[in-house]
Amino acid sequence: MEESVANAREQEESSEKSAANTKELEKSLEESAQENVESAANARELGESAQEIVQDSAANAKLEESAANTGHIGLTNCLEEAAAATTTIHMASSSTSVKGAEERVANEGPPEDEFLKYLPLYRAAARGDWEMANLIFQQDEGAITAIINNFKQTALHVAIEMGRNIHFVEELVKLMPKQDLLLKDDLGNTALTLAAIAARYSRRQIVSYLLDVASNNIKSCPFGHEADVLLLNDAIISKYFDIAVELVEKYPHLATLKVVGFLTPLEVIAQIPSAFRRGCKLKYWEGLIYDGIPLSLLESHPNKNEGDVENATCNSAQVLPHASSWNYFHLISVMWQELRIMIWKTIIHLGNKEIGTREACLKFFLAHILGNFLHFDFIAAPPIKQIKDKKQMHNHALQLVKLICKRIETLNNLKNQETHYANAVTRAASVDNSEVIEEIVEIFPNAVRVINNKQDGAYMFHLAVGNRSENVFNLAYQMDGNKHRAMNATDNYGNTILHIAGRLAKPQKLNLVSGAALQMQRELQWFEEVERWLRQDFKEKINKDGKTPQMIFTEEHKNLVIDGEKWMRDTANSCAIVASLIVTIVFAAAITVPGGNKQDNGQPVLFKRNGFIIFAISDAISLFSSATSLLMFLAILTSRYAEMDFLYALPKKLIIGLVTLFLSITFMIIAFCCTLYLVFGRGENWVLIGVAILASLPITSFVFQQFPLLVDLISSTYGPGIFGKRIDRPFG
């Protein structure tokens, strides 16, 4: 009996020791989970060991059944209940500790051992090696969406960020649930958000593919977060305007979504003037081709409207087979036939009195020609294709602005609407993006009176003049009664628009014009043009600093006048030296004619030959033109160089001097060639041809060096200028 009680007590002590061991194991388990939260597997093993010990305690408790055989059932039952209660408590505590450790591990990512496991997958995703990645996915399906680095990125994140292989992205997306496209890395970027980063590096295919997959397979909107508006912004910055249009059409809320510290989509596109026609500088022939390309070629579903000149295309081009299936003789014959049809249509079009201008007829002709021939890929030369792509980009950009403005129009109040377009107007006015302003004012007429900020108080036209944005300033010519009110406004410092015109332009605007003298001329043109728009009493208005517009102009342009004078003097000095040398040479040549003179009457020996007559005429023209050129350059050197002299007087003298100098050089070379032919040619034509070829070298050299300057001078002084009404569309 006593032995049984002693055994029972020993078993009770054993149970208490087991319970104590369990507590120690739990404590060590918690410490292990806190010190190394990445090791969930270890936590589970410790939990299992704790359970085994508890199970041992339960096994020991079974030994107490022998005590029941000896009659001590009551005491044994008490001990059994105590042991069972202790075991239940410890098992629950152990389970809670393991679960907490697993949650902490899930929040902080897998352990580094897991990263080592997925290192081959990381390499494959970074390199775009789909074969290697596919082998890994076949062995471990969980690797498709597993986190493979310490940035919490999946293989899809890495593949998009690297952008090595679009095929890798396509195949990986096919394997994964489409909802997993919304998995985020440690910065909160989903695969779709990383597509915005890909857009910055011209990875158009990846961006387009992911957007198609997301929009077609994810039921909920994949762009619900504010940071997702950056995808639209980056698409605009990368000039993927077709993708941006698709985004705004499918997810209109992105157009008005604001993110603190970032620009809105309308503000972003307002800062890209090159996205529109007026901000894109084209040569004359490029402009003709640009205007002649029908819009039907730019649309996914062409609108064949024969009555529309802009959209006109020949129907026959739509039914012709692709050029690659033809032989070249057949192709040439069809092209010639189409060309004759187009010429005949243009002649008929020319007789239409409603059209009226030759330029419109030329555009009509080009629209038909390009409408036909651009359907043949290899006929469209790269320059023409580039112009077509550029027009298509401009068309998409304009469409995007219209969509954004229509979305802003749906906002609940005028104040909220103004907060979305006000900054866009001021930014567009600063960078000369007139097309954006036109579209905004079309829907929000009050945008004409937008003020820059409360401190400055500059209006849209103030900003246009201050930044020398001629396209935005020319919008005033499209206004009716509102224009004088907009022009005669003053800012918070009492400056009229003429005060702002008197300030010196920014260097990036000045450098668009070659030479300090022409820069000064452009500044004077701006000042005079703005002055025409002001009331008489505003022209001499004093601002808060006590200065008139003319005082500001003189003060700001003092250094530019000095630079312009130096540039004029240097140019005149250089050209005057050349002109004086030519005068000396051709005058001496007139006295000592080729072949000499007759002794009896002093007449030239070669007087009756045609070459001698050409020599005499060329020499005389060269002498008179070089003398005129020399006088013009001397007049420039003796000028007073007042501010207004740079507007017409000095440029006019320089134009005359350069034109006469060019003529004198040309006719001097002709006279020299005639001399060589008369003296050494002996009637051989090959001598004349060789001399003419050699003579063209100095003339060509002069043309390439000085002719661009001459063209700029004539264009800026006597050309149409940069001001005036460009289109008939009403504004404001």
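A nonpolar core is here a set of buried Ala, Val, Leu, Ile, Met, Phe, Trp, Tyr and Cys residues joined through side-chain atoms within 4.5 Å. The model is a predicted one. Its largest nonpolar core holds 112 residues, and within that core Ile440 and Phe461 touch the most other members. Beyond its neighbours within four places in sequence, Ile440 is in contact with Leu266, Cys405, Tyr421, Ala424, Val425 and Ala447. Another core, of 32 residues, lies apart from this one; Ala126, Ala133, Leu172 and Ile206 are among its residues. In soluble globular proteins, nonpolar side chains tend to be buried together.

**Helix α7**

Helix α7 spans residues 130-139, and its buried residues are Trp130, Ala133, Ile136 and Phe137. These cover an arc of only 125° around the axis, so they sit on the same side of α7. Their packing partners are α6 (119-127), α8 (155-162) and α9 (166-175). On the face turned away from the buried side are the exposed residues Glu131, Gln138 and Gln139. At the start of α7, the backbone nitrogen of Glu131 has a side-chain oxygen of Asp129 within 3.4 Å.

**Cysteines**

The whole structure contains zero disulfides. For Cys673, the nearest cysteine sulfur is that of Cys674, 6.9 Å away. Cys673 is buried, with a relative accessible area of 10%. Cys405, one of the contacts of Ile440, is also buried, at 1% relative accessibility.

**Salt bridges**

There are 14 salt bridges in the structure. Three of them are listed here.

| Pair | N to O distance |
|---|---|
| Lys117 and Asp140 | 3.7 Å |
| Glu171 and Lys174 | 3.5 Å |
| Arg468 and Glu523 | 3.0 Å |

Lys117 lies in helix α5 (residues 112-117) and Asp140 in the loop between α7 and α8, so this pair ties together parts 23 residues apart in sequence. Both ends are partly exposed: Lys117 has a relative accessible area of 48%, and Asp140 one of 23%.

Glu171 and Lys174 are both in helix α9; because they are three residues apart, about one helical turn separates them. Lys174 counts as exposed, at 55% relative accessibility.

Arg468, in the loop between α22 (460-466) and α23 (470-473), and Glu523, in helix α27 (residues 516-533), are 55 residues apart, and the pair links distant parts of the chain. Arg468 and Glu523 are both buried.

Salt bridges also link Arg278, Glu435 and Glu438 in a network.

Technical notes:
Residues are numbered from 1 along each chain as its sequence is written. This is a predicted model: local features need pLDDT of at least 70, side-chain atom pairs count only at pLDDT 80 or more; totals for chains, interfaces and linings use all residues. Side-chain values use heavy atoms; hydrogens and water are left out. Buried means under 20% relative accessible area, exposed over 50%, partly exposed in between (1.4 Å probe, protein chains only). Contact means heavy atoms within 4.5 Å. Helices (H or I, at least four residues) and strands (E, at least two) are DSSP runs, numbered from the N terminus. The arc is that of the directions from the helix axis to the C-beta atoms. A polar contact is a pair of N or O atoms within 3.5 Å; within protein, one must be able to donate a hydrogen and the other to accept it, and residues adjacent in sequence count only if both atoms are side-chain atoms. A disulfide is a pair of cysteine sulfur atoms within 2.5 Å. A salt bridge is a side-chain nitrogen of Lys or Arg within 4 Å of a carboxyl oxygen of Asp or Glu.
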